[in-house]
Amino acid sequence: MSGNVLDPDHPRLAPAPERKLETSIGRERRSRRPDENRHREEVIREVLTREGERLSQEVIRKLTSDLGVSRATAYRMIKTFRSCGAVTAPMTRPVGRPKGARVLDSARETLIRDTIETFYLQPSRPKFSQLVREIAKRCLKERLPAPNWRTIKARVHDIDIQTRARRRSESE
């Protein structure tokens, strides 16, 4: 009855091997990371104290081979070490643009600001969607790409609430 599922020696009925929650590889990675950062900090500290402020290309080349990182990562680590005295892993850096960064060209920024002031900040305030359409229409007229509605919303919210209220009541 070796092919029968009810056979106690059948592989499906054999007890499952106990799984370890933490494999030796996982333990090794977790415990190695702080040691690796400590090693990187020591190497960078030693290089900076030995070489001073300006590092030659040869020193950087040796540092990248010693640490096993790219040249850009080595420079990033040096910059981080100089600023806070520690080397953090590149994965811990924030990704994306810094909060509050403005990337529109000045022509579109001016167009948005002027449209908000002349069209939107009125006593009979138009809907926000009408503001977005008006800005898109003016951008088309100027042959500029229209900004996203979120960009326009951010610019409206940048205007102080009291300023918005005052501007709406001035026109009455």
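The pLDDT is the predictor's confidence in each residue, on a scale from 0 to 100. The structure described here is a predicted model, and its chain has a mean pLDDT of 78, with 73% of residues at 70 or more.

**Nonpolar cores**

- The largest nonpolar core comprises 14 residues, and those with the most contacts inside it are Ile-44, Val-47, Leu-48, Leu-55, Leu-63, Leu-67 and Ile-78.
- At least two residues of this core come from each of helix 1 (24-51), helix 2 (57-67) and helix 3 (71-84).
- Apart from this core lies another, of 12 residues, which includes Leu-111, Ile-112, Ile-116 and Leu-121.
- In soluble globular proteins, nonpolar side chains tend to be buried together.

**Surroundings of Leu-55**

- When neighbours within four places in sequence are left aside, Leu-55 is in contact with Val-47, Leu-48, Ile-60, Ile-78 and Arg-82.

**Helix 6**

- Within helix 6 (residues 149-158), the buried residues include Thr-151, Ile-152, Arg-155 and Val-156.
- These residues lie on the same side of helix 6 because they cover an arc of only 140 degrees around the axis.
- An α-helix has 3.6 residues a turn, so residues three or four places apart point the same way.
- At the start of helix 6, the backbone nitrogen of Arg-150 has a side-chain oxygen of Asn-148 within 2.8 Å.

Terms used:
Residues numbered from 1 in each chain as written. Predicted model: local features only at pLDDT ≥ 70, side-chain atom pairs only at ≥ 80, totals over all residues. Heavy atoms only, no water. Buried < 20%, exposed > 50% of the residue type's maximum accessible area, 1.4 Å probe, protein only. Helix = DSSP H or I, 4+ residues; strand = E, 2+ residues; numbered from the N terminus. Arc of directions from axis to C-beta. Polar contact = N/O pair within 3.5 Å; in protein donor to acceptor, adjacent residues only side chain to side chain. Core = buried A, V, L, I, M, F, W, Y, C linked by side-chain atoms within 4.5 Å. Contact = heavy atoms within 4.5 Å.
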